[in-house]
Amino acid sequence: MNILEFSLLVWLGSFLAGFLGALTGLGGGVVIVPFLTLVFGVDIHYAIGASLVSVIATSSGAASAYVKEGYTNVRLGMFLEVATTFGAIVGAIVAAKISTGFLAVVFGIVLLYSAYLSRQNPPEHLNNLPPNSLAVRLQLNGTYPTPTGEQSYNVRGVPYGFGLMFIAGVLSGLLGIGSGALKVLAMDRIMHIPFKVSTTTSNFMIGVTAAASAGIYLNRGYIDPGLAMPVMLGVLFGALLGARILVRAKVKLLRNIFSVVILVLAVEMIYKGLTGRL
């Protein structure tokens with residue numbers, strides 16, 4: 001295929017990835033990296049570089065809409081970004097010293113575990129939880145809109161959530177996925193934040209996380225403008241559409257989309273990594 005056909009196909013796949021990323025808080029990168037490596041045979045390091053650029057675009061496109069709607073917990077997101085940023089720098093430094101096959105296997109394992117956890121369904125509203133003293137001091141508790149009006153929630157497990165965000169940042173720099181999967185699951189499971197707040201706050205955070213490691217990839221020559229541009233534009237438009245649909249979507253449907261897509265990609269990535277086909 002020629003360059004135009006390649007760019008159009010990459011744009012279309014990136015559009016779908018951005019749409020899914022905005023709906024689930026994944027950031028699109030979780031689909032972009034397998035898409036580029038498995039479908040087009042792009043070296044995984046260059047795929048990660050393009051993915052990090054797309055993650056920044058996703059965050060910019062979706063986060064503004066979520067903040068306007070009142071779903072995003074901005075204060076919590078800025079607090080957790082401290083951990084993810086440091087983690088992203090560490091991950092990006094380590095990534096250059098790891099083989100592509102190993103990266104693919106790690107990527108697949110992370111996705112498998114995320115798919116498993118996403119199938120567990122805790123209650124959406126956790127209003128009976130008592131306030132956490134640290135969350136109160138940091139003013140992390142908040143509210144979000146529901147069909148019946150504003151719903152308040154209390155943030156729990158702040159130290160554990162902060163620690164997991166560092167790990168999420170490492171995975172972002174290592175795999176170029178924005179680490180949205182782990183961020184959403186950490187906020188949903190450990191910090192007991194409603195799922196829609198988790199996904200929207202994740203989208204708010206992933207741009208900063210990705211930018212921290214993208215600079216390192218750029219310095220090493222792993223960001224190709226010809227590849228990153230259609231990826232970024234596709235993800236951006238997909239994220240804008242996904243942000244509009246999220247406010248009317250059902251949480252159960254979001255979880256099903258989340259788990260099925262990443263389960264398929266996980267199996268494929270592990271297989272390709274173990275057989276040396278990447």
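Predicted model: local features only at pLDDT ≥ 70, side-chain atom pairs only at ≥ 80, totals over all residues.

Biologist: Where is Q139 found?

Modeller: Q139 sits in the loop between helix 6 (133-138) and strand 1 (142-146).

Biologist: What about the phi of Q139?

Modeller: Q139 has a positive phi of about 55°, although it is not a glycine. For background, most residues other than glycine have a negative phi.

Biologist: Which loop holds H192?

Modeller: H192 lies between helix 8 (180-190) and helix 9. H192 also has a positive phi, about 55°, and is not a glycine.

Biologist: And how exposed is H192?

Modeller: Partly exposed. The relative accessible area of H192 is 30%.

Biologist: New topic. How do helix 7 and helix 9 cross?

Modeller: Helix 7 covers residues 158-175 and helix 9 covers residues 195-219. Their axes come within 9 Å and cross at roughly 45°. Helix 7 and helix 9 are therefore oblique to each other. The crossing is right-handed.

Biologist: Which residues meet there?

Modeller: From helix 7, M165, G169, S172, G173 and L174. They meet M205, T209, A210, S213 and Y217 of helix 9.

Biologist: How many of the residues in that contact are nonpolar, polar or charged?

Modeller: Five are nonpolar and five are polar in the contact of helix 7 with helix 9, with no charged residues.

Biologist: How does helix 4 cross helix 7?

Modeller: The axes of helix 4 (residues 74-95) and helix 7 come within 6 Å, crossing at roughly 35°. Helix 4 passes helix 7 in a right-handed crossing. By class, that contact has 16 nonpolar and six polar residues, and no charged ones.

Biologist: Now the inside. How many residues are in the largest nonpolar core?

Modeller: The largest nonpolar core has 46 residues. L36, L175 and V231 have the most contacts inside it.

Biologist: What does L36 touch, leaving out residues up to four places away in sequence?

Modeller: On that count, L36 touches V10, G41, V42, A47, A50, L227 and V231.

Biologist: What do nonpolar side chains tend to do in soluble globular proteins?

Modeller: As a general rule, they tend to be buried together.

Technical notes
Residues numbered from 1 in each chain as written. Heavy atoms only, no water. Core = buried A, V, L, I, M, F, W, Y, C linked by side-chain atoms within 4.5 Å. Buried < 20%, exposed > 50% of the residue type's maximum accessible area, 1.4 Å probe, protein only. Contact = heavy atoms within 4.5 Å. Axes fitted to C-alpha atoms, helices over the stretch in contact; angles between N-to-C directions. Helix = DSSP H or I, 4+ residues; strand = E, 2+ residues; numbered from the N terminus. Parallel < 35°, antiparallel > 145°, perpendicular 65-115°, else oblique. Left-handed = near helix turned anticlockwise from the far one by under 90°. Nonpolar A, V, L, I, M, F, W, Y, C, P; charged D, E, K, R; others polar.
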